[in-house]
Amino acid sequence: MFDFLIQGFDVALTPLNLGLAFAGALMGTLFGALPGIGPINGIAILMPLAYTLGLPAESALILLAGIYTGAEYGGRMSSILLNVPGDAGAVMTTLDGYPLAKKGMAGPALGLSAVSSFIGASIAILGLTLFAPLLAKFAVMFGPAELFVMMVFAFSSMAVMMGKDPIKTAIGAVLGILIGIIGVDSGTGVLRYTFDLPELYDGIDFVVMIIGLFAISEILLMLESRHNPAGEAEMPVVGRVLVSMKEVLFCKAAMLRSGLIGFLIGVLPGTGASVAGAVSYTTEKRLSDTEGTFGEGDMRGLAAPEAANNASAAGAFVPMLTLGIPGSGTTAVLLGALMLYNITPGPMMFTEHADVAGGLIASLYIGNLVLLLLNLPLAGLFAKVLTIPRWVLVPAIAVLSFVGVYQLHSDLSAIYLMLVIGVVGYLLRKLGFSLATVILGYVLGGLMEDNLRRALSISGGDLGILWQSGISIGLWVASVVILIGPWLWGRVRRSMQA
Amino acid sequence: MMRAADRILGIALLGLAAFVAVQAQSFYVPFSYDPVGPKAFPVGLAIILALLSLVLILRPGPNGQWPSAATCCRLVGVLVIMGVYALLFTRLGYTLSTGLAILCLARSFGASWVKALVTAVVMAVVTYFLFSDVLEISLPSGQWLTALS
């Protein structure tokens, strides 16, 4: 049953892949630590360069997964030290992390968060190893109809869980799907929404899309917050970064619970680190905040969201590898990266591409250990990254974006397109959209349409095939429950109070 | 003001939905085994989008803060810098266009002339060798160089 893992370690332990896991962890932590650059931006900026190295699929994925998990680690730095979350997943970390740093305990806070990140990620990677092959065996039974309904479910859970406004989340996903439709229709050869521009016949390139959406819009946002006082806040002294066993033991229950919560939320398609952090923090506050110390610098209030957001990062790989449906915006980007290698993740991943799936999982074990070893002694050094001024950071992002897009086809039109998408991304962010939903729509839309059309080809156009099997009925029910459940629950609670 | 932004967005999206649906009518497939064809999916999405935008128009919510006029000017400025950078990228070649772009970007993010100039020279040269020699990306060398030789 665990043959794939043994095979995976064979792949991951080659000197090249070991080096890539290490490099990915290091770069990811650095990028995550940069204020405003979360995992998704980090991967968006670094992915094109990873391609130019001409790596095989499994090595590229190991590098990108290292960057992803590393960035989840790095995101906590600015949360704790500056009260500015490095990415959406680290918002909850500020609540108790920053008060700890203000009390002069920045070092222990960084150390403890590294340990809880490690424990949370370990729980989730174990979960991934155990459940992914089982789920893959089950998912083999999924036909095109079931996969289509599964994606309906993914979008439903995303609309409810991601972002503040379900309507805008849904609109973002639809916009993403529409952007994905642009180009030649693979089924019939019809050109759709290309406006007679030959540059658009192949659709909007994935790399152009993510760099425009995340890197360029980030540059514009940074310009706006230049005079944000938080950006120039005094850096607290980091001090000793080692944690004592006593502090770790004090938080062990919080870490274990939050790791589990984070994993489960990560597995749920469409919900990512930010939800995991929020749910685990509120759970922990309810369970252990007997003296009202949460929010004032309680160690457990720091350990919980950190364990959870790193756990959700690993958990998000479960649906991505077994169903081909990413569990978060960042895994959507990784999915797109895999598809560039002509590998479509899905239930056959563990049999047909066991080296890729196993190698990835094995590299997560290695990367997690590397991250802990890097982060305890080097946290002080990583914290220095926070002091990089905007006027160095922004030109660097711009140059990386330009070269990343230019090297695709040595084509300037792609760069102009990237700038246009960047402006759109900026506007969407200002209007309160979450860009992760747009990228999920963009990546999943094509698969959704393919599966719908395949299902209806099988049935000869009869829509009934979409709710014929038990699996699809179950998924329809689950989608409805998740869509109206929270609303119903709110009404019931209100009427009970009244 | 905030709510107005959502209303405008809703109307714009309604227009987009109409455009998507109307355009889809022109996708003509002479013969296909596929009972769905290329039309159905975009039309379905357009209907969903139209419904969602109606909700947005009727129940607009608050959204983020909009930048001041001065910030808007700076935003446009940075966009112009990047647009001109793209325009000059192949014409002037990588090092020169990148150096100029870094200089302007660093200036608009508050660096002094000296700091911006040093950043521009160092970053343009270092990244040139990093990209072309280490990562083996072919970068534009610029038309003025070929004109000289």
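Which helix of chain A gives the most to the lining of the second largest pocket? The answer is helix 19, with eight residues. The model described here is a predicted one.

## The second largest pocket

The volume of the second largest pocket is about 1,100 Å³. Its lining is made of 38 residues, and those closest to its centre are A:Gly180, A:Asp202, A:Gly203, A:Ile204 and A:Tyr442.

Several elements of chain A each supply at least two residues of this lining. Among them are helix 7 (166-181), strand 1 (183-184), helix 8 (206-224) and helix 14 (329-340). Helix 17 (390-409), helix 18 (412-430) and helix 19 (435-458) of chain A also belong to this group.

## Cavities

Two cavities of 30 Å³ or more are found in a search of the whole structure. The largest cavity holds about 80 Å³ of space. Its lining includes A:Thr69, A:Tyr73, A:Ala121 and A:Ile125, and also A:Asn310, A:Ala313 and A:Ala314. A:Leu364, A:Gly367, A:Asn368 and A:Leu371 are lining residues too.

In chain A, helix 4 (57-82), helix 5, helix 12 (299-315) and helix 16 (354-385) each provide at least two residues of the lining of the largest cavity. Helix 16 has the largest share, four residues.

## Helix 5 and A:Ile119

Helix 5 of chain A covers residues 93-139, and A:Ile119 lies in it. Along the chain, A:Ile119 and A:Glu218 are 99 residues apart, and their C-alpha atoms are separated by 31 Å.

Helix 20 of chain A spans residues 470-497 and contains A:Met496. A:Ile471 is found in helix 20 as well. With a relative accessible area of 63%, A:Met496 is exposed, whereas A:Ile471, at 22%, is partly exposed. A:Ile471 is 37 residues from A:Ser434 in sequence, and the two are 30 Å apart in space, C-alpha to C-alpha.

A:Met496 is also one of the residues of a nonpolar patch on the surface.

## The domains of chain B

Chain B is divided into domain 1, residues 2-58, and domain 2, residues 69-148. Taken over C-alpha atoms, the centres of these two domains of chain B are separated by 40 Å.

Notes. Residues numbered from 1 in each chain as written. Chains lettered and ligands numbered in written order. Predicted model: local features only at pLDDT ≥ 70, side-chain atom pairs only at ≥ 80, totals over all residues. Heavy atoms only, no water. Patch = residues over 30% accessible without salt bridge, like charges linked within 9 Å, V, L, I, M, F, W, Y side chains within 5 Å. Areas by Shrake-Rupley, 256 points an atom, 1.4 Å probe, with all protein chains shown as cover. Salt bridge = Lys/Arg side-chain N within 4 Å of Asp/Glu carboxyl O. Buried < 20%, exposed > 50% of the residue type's maximum accessible area, 1.4 Å probe, protein only. Domains from an automatic or database assignment. 1 Å grid on protein atoms, 1.4 Å probe; cavity = no way out; pocket = protein on both sides within 12 Å on 5 of 7 lines; lining within 4 Å. Points joined across faces, edges and corners; volume = space filled by probe spheres on them.
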